Amino acid sequence: MFQPTALSERIHTLDIMRGVSLLGILLVNIFAFSLPLPYILDLNNWFSDYHDKMWYQTLDIYVQGSFYPLFSMLFGYGLAMQWMKADRLGTNFYPFAAKRLFVLLAIGLLHAFLLWWGDIITIYAVCGLLLILFLKLGSGWLLSIALMINGLFHLLMISAYALSGIGNEEFETFVDLGSIEDAITAYGIGTWTDAFVQRLHDLAFQMSPSMWFSALFTILPYMLIGAAAAKRRMVERAEELKWFWIILAVCCIAGGLFLKSFPFHTTRTYLLEYIRVYIGGPVLAAGYAAAIASLCLIPFVTKLLSPIAKAGRMSLTIYIMQSVICTLLFYHYGFSLYGKTDVSMSIVIAVSIYVSQLAFAELWFLKFHQGPLEMIVKRLVYGKNVKKVEQ
């Protein structure tokens with residue numbers, strides 16, 4: 001029978017990448033927890049204090065738009081690894097994979113409706129269901145399809161900018177003052193019910209047709225790239241491919257940072273902003289992945305980053321826990337910090353939450369082999385008769 005991944009089969013480099021991604025995602029999401037982000041197009045122009053602007057611009061260059069692509073690639077890598085394992089065992093992979101993804105979809109919907117409007121699990125689950133249709137293909141086909149889908153997206157968007165004539169126009173900040181006021185009232189001084197009603201409004205933005213369109217042309221290709229890398233066992237062969245990883249890290253980090261920082265040193269046009277977000281972000285994500293893969297070739301680094309790897313092993317639990325903690329901190333039914341923290345304080349809060357989660361993961365794995373939500377998913381997918389995963 002097909003079984004979940006045993007502890008002895010885990011690849012620590014992948015867990016470290018997931019753990020690092022969770023910090024990057026939280027550093028971005030902390031502003032969606034604390035501010036009416038759906039109604040502010042660009043936070044770079046939202047903050048008035050010079051230090052706030054500089055801190056947020058730094059986050060925008062180094063973090064924003066670069067960790068969800070990395071996590072998407074890791075999601076694809078993990079699914080492809082499971083497919084290859086099932087293929088070796090002669091087991092039908094698809095019933096287990098589809099069931100797991102539907103369980104994740106249910107968790108994502110509960111998260112979105114009951115905790116936080118910015119849920120990404122739902123989108124990952126749907127894109128994952130599409131991804132498994134491609135997993136029989138070889139790595140070359142997976143990579144080609146990914147580049148074709150993502151390239152088509154870039155072609156459509158850049159063509160739309162050219163036809164509308166806005167590509168070279170200065171990027172303008174959109175602010176919906178009425179909706180901002182409603183969000184501040186609901187989350188800042190309202191009850192849980194007020195927050196729930198507001199969350200439904202915000203969720204309409206997160207789950208809008210344009211967001212799904214963007215996800216299918218960005219997140220799905222990133223997953224396909226991750227799956228292609230898994231088929232070639234790129235991380236498992238890191239020692240053999242070390243110069244590839246080192247060169248990729250240097251080129252992609254340098255190129256990504258250039259693309260993401262350049263608009264801040266010139267007139268920020270719509271075209272440059274698009275390139276910064278949708279090209280610079282993923283390029284930098286590939287650079288981060290390559291840098292981690294390279295660093296993990298050094299034995300003491302892997303040992304040093306063991307707490308981050310443990311957080312990566314329970315990524316679903318850590319992600320949902322971040323929503324629980326942040327809504328309690330920022331919403332009125334908790335500590336009422338909504339709209340009251342500056343950028344530096346928000347960063348301190350995010351890092352503090354993450355460090356506390358590293359400690360939690362360390363303590364949890366003293367007794368258990370999987371995170372709490374991961375255990376629930378495993379039981380729902382594999383049933384009561386699932387074998388105990390060996391240490």
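Guide: On a 1 Å grid over the protein atoms alone, a cavity is a set of points where a 1.4 Å probe fits but cannot get out, while a pocket is an open set with protein on both sides within 12 Å along at least five of seven lines; lining residues have an atom within 4 Å of a point. This is a predicted model, in which local features need pLDDT of at least 70 and side-chain atom pairs count only at pLDDT 80 or more, whereas totals for chains, interfaces and linings use all residues. Residues are numbered from 1 along each chain as its sequence is written, and side-chain values use heavy atoms, with hydrogens and water left out.

Visitor: Which residues line the largest cavity?

Guide: Its lining consists of Leu27, Val28, Phe31, Tyr56, Leu59, Asp60 and Gln64. Helices are DSSP runs of H or I with at least four residues, numbered from the N terminus. Helix 1 (12-34) and helix 2 (50-62) each supply at least two residues of this lining. Ala, Val, Leu, Ile, Met, Phe, Trp, Tyr, Cys and Pro count as nonpolar, Asp, Glu, Lys and Arg as charged, and the others, Gly among them, as polar. By that scheme the lining of the largest cavity has five nonpolar residues, one polar and one charged.

Visitor: How much space lies in the largest cavity?

Guide: A volume is the space filled by probe spheres set on the grid points, which are joined across faces, edges and corners. For the largest cavity this is about 40 Å³, and a search of the whole structure finds one cavity of 30 Å³ or more.

Visitor: What is the volume of the second largest pocket?

Guide: The second largest pocket has a volume of about 650 Å³. Its lining has 30 residues, and Met73, Leu143, Ile225, Ala229 and Ala286 lie nearest its centre. Helix 3 (67-89), helix 6 (139-164), helix 9, helix 10 and helix 11 (270-295) each give two or more residues to this lining. The lining of the second largest pocket divides into 24 nonpolar, five polar and one charged.

Visitor: Is Gln322 buried or exposed?

Guide: Buried means under 20% relative accessible area, exposed over 50%, and partly exposed in between (1.4 Å probe, protein chains only). Gln322 has a relative accessible area of 2%, so it is buried. It is found in helix 14 (residues 315-330). Contact means heavy atoms within 4.5 Å. Not counting residues up to four places away in sequence, Gln322 touches Leu22, Leu26, Phe33 and Gln357. A polar atom of the Gln322 side chain lies 3.5 Å from the backbone oxygen of Leu22.

Visitor: Which residues does Thr218 contact?

Guide: Leaving aside neighbours within four places in sequence, Thr218 is in contact with Asn150, Phe153 and Tyr278. Thr218 lies in helix 9 and is buried, at 2% relative accessible area.

Visitor: Where is Arg233 placed?

Guide: Arg233 is in the loop between helix 9 (209-231) and helix 10 (242-261). Its phi is near 55°, a positive value in a residue other than glycine. Its relative accessibility is 42%, and therefore Arg233 counts as partly exposed. Ser336 also is not a glycine and has a positive phi of about 55°. Ser336 sits in the loop between helix 14 and helix 15 (343-364), and its relative accessible area of 14% makes Ser336 buried.

Key: A polar contact is a pair of N or O atoms within 3.5 Å; within protein, one must be able to donate a hydrogen and the other to accept it, and residues adjacent in sequence count only if both atoms are side-chain atoms.
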